[in-house]
Amino acid sequence: MSAFRVFNRAIDVALVLALAVITVVLVVQVCMRYVFHAALPWPEELSQFLLVGISFFGMYRAITEDLHIRIDYLPKRPLTLRLLRAAGLVLVAGLLAYVGYGGLLLAISAWDHPSTALRIPMAIPYFIIPISCALSLAALVGAIRTILEAPASGSDTP
Amino acid sequence: MSVALIMLLLAVLLAVETPIAFAVGIVAIAALLSADIANAPIAAQRMFAGMNSYGLLALPLFILAGNVLVAGGIIQRLVDFVDILVGRVRGGLAYVNVLSNMLMAGLSGSATADTAALGSVMLPMMRARGYTSDFAAALTISGAIVAPIIPPSIIMVIYAIPTRLSIGAMFLAGILPGILIIALLMVYIGYACRNHPIVRSEATEKRGFLRATLDAVPVLVAPVIIVGGVRGGVFTTTEAAAVLCAYALFLAVVFYRSASPAELFKVFRESALTTATIMLVVATSSLFAWFLAIESIPDAARDMFLALTDNRYVFLIMVNLFLLVVGCFVDTVPAILIFVPILQPAAIEFGIDPIHFAVLVIVNLMVGLNTPPVGTNLFVISSISGRSIGTISRALLPFYAVKIVALIIITYVPIISLWLPRVSGFIR
């Protein structure tokens, strides 16, 4: 198994764990609220940060697996269409670079801002943005290369 | 940058197959840059804030609960139960199909997930009992459109983001319209299957009514948890989603023992990735909403509609036609996040209840879910049935007529949507 696959597998495990933790802590919170009448202060915030993590790191995995919602009807082989698709993805790279850069500045500026319930520096959840955007940029380079490489004959969708 | 140019850029990006979440983000940033108000840290912060919401936690939980129930093999139990109830009549399995779709809608909030799950069970059964593949495929995806209309609904959780409407009120508002769509489909089945021979499966017959019911009861309890919990004010929607997840995991792992750890890992992973693809649309749409607000586009749209007509029924016809076209080209989640903030202020100005408007928008877009070129469900059922989009689309024609009739009734008879939220005290 290549290092790349191991890394992606590790991200998948993290995504699964994050979703499992959200489910468990929210069920615990329901029990605490309705059975023990003593709601905990942190499950909602923790779950929301994990949801942001799932969303951004899931964005990276969805690029590597071509799962993002898109229209898919163009023939796959003509060069012009492949160039146009690649151009669209170059713009996506621009967007991710912009948001990732913004996220980096945001995280750096937020070291002294504690979160409301967990009291962790907001920089920690904000760092999800630049890290996931950098990973996604790397994945986009791969996706653009795949589009530009001429597909084998017969791979065209009818 | 003018709105027309923005929409043109969006259309071009979508046409060259740019993922819609990114396309929306690109046009929003381009518009903000051209207006000289873009700021990278604020853009990142807005995307983060767009995702960092308690209400949105219901989204991964409903997705996960639906997927766990499907992986746990509950579809066959539901189908067997409904087959015992109505399989005996002429066109029985067609009725079983739509009624199973209705019950699945009470467990899962995604039409596409229901199509994939129910299609793989129902299509072989229907073919074996003499129905054509095209009819079975068209029927399955027509019934599946009630998934986001009958609670729980992932689409309604999304709809609450730009509108700040009560998800509980929307959940209740969707129940009767969903049942109406199923009822109209059953009327059409009565006509379409009038000459179909009565065929019963002996395997199902032997299991008997009691066994099939006992098998299905634990599953049928799940919708009661959601609707009962939310209606009684016991749970918030997010808590109801968490409880539903826990219950689904209990059924699949402990009660039916039908999901292995490896399968569960796969289900969790797929649910997380589905969540991410939807959440990304939510995040970039929050950039788009920033642009809309700065340019006062919802106000401009409201004024434009008011200049065109002062009649609410004419406005509703315009909305219906517009959304039918949008539904053919844009996926439901981005369609809601892009167009609802623009349309809703006008609807309120015309005296339309926002909860009723939400239901009619969702029903409207659901009709588009089954139309080419961007009919997600059509692609799913085409790959399951092995039939081409073209032949299924032809078989769908009478079903479109049924759904349009349902849409007209739901649009022009608001009490169907508003009665349940009213008697439950969600709205006045």
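A salt bridge here is a side-chain nitrogen of Lys or Arg within 4 Å of a carboxyl oxygen of Asp or Glu. The model is predicted, so local features need pLDDT of at least 70 and side-chain atom pairs pLDDT 80 or more, while totals for chains, interfaces and linings use all residues. Residues count from 1 along each chain as written, chains are lettered from A in the order written, and side-chain values use heavy atoms, without hydrogens or water.

**Exercise 1.** Find how Glu239(B) and Arg33(A) meet.

*Solution.* Start with the side chains: N to O is 2.4 Å, a salt bridge. Next, count such bridges between chain B and chain A: there are four.

**Exercise 2.** Work out which helix gives the most residues to the side of chain B that touches chain A.

*Solution.* Begin with contact (heavy atoms within 4.5 Å): 55 residues of chain B touch 57 of chain A. Then go through the elements, helices being DSSP runs of H or I with at least four residues, numbered from the N terminus. α13(B) comes out on top, with twelve residues.

**Exercise 3.** Classify the ring pair Phe322(B) and Phe339(B), then say whether each residue is buried or partly exposed.

*Solution.* First, rings of Phe, Tyr and Trp (its six-membered ring) pair if their centres lie within 6.5 Å; planes under 30 degrees apart are stacked, over 60 edge-to-face, the rest tilted. Here the centres are 5.2 Å apart and the planes at 85°, so the pair is edge-to-face. Now accessibility: buried means under 20% relative accessible area, exposed over 50%, partly exposed in between (1.4 Å probe, protein chains only). Phe322(B), at 35%, is therefore partly exposed, and Phe339(B), at 14%, is buried.

Methods: Helix = DSSP H or I, 4+ residues; strand = E, 2+ residues; numbered from the N terminus.
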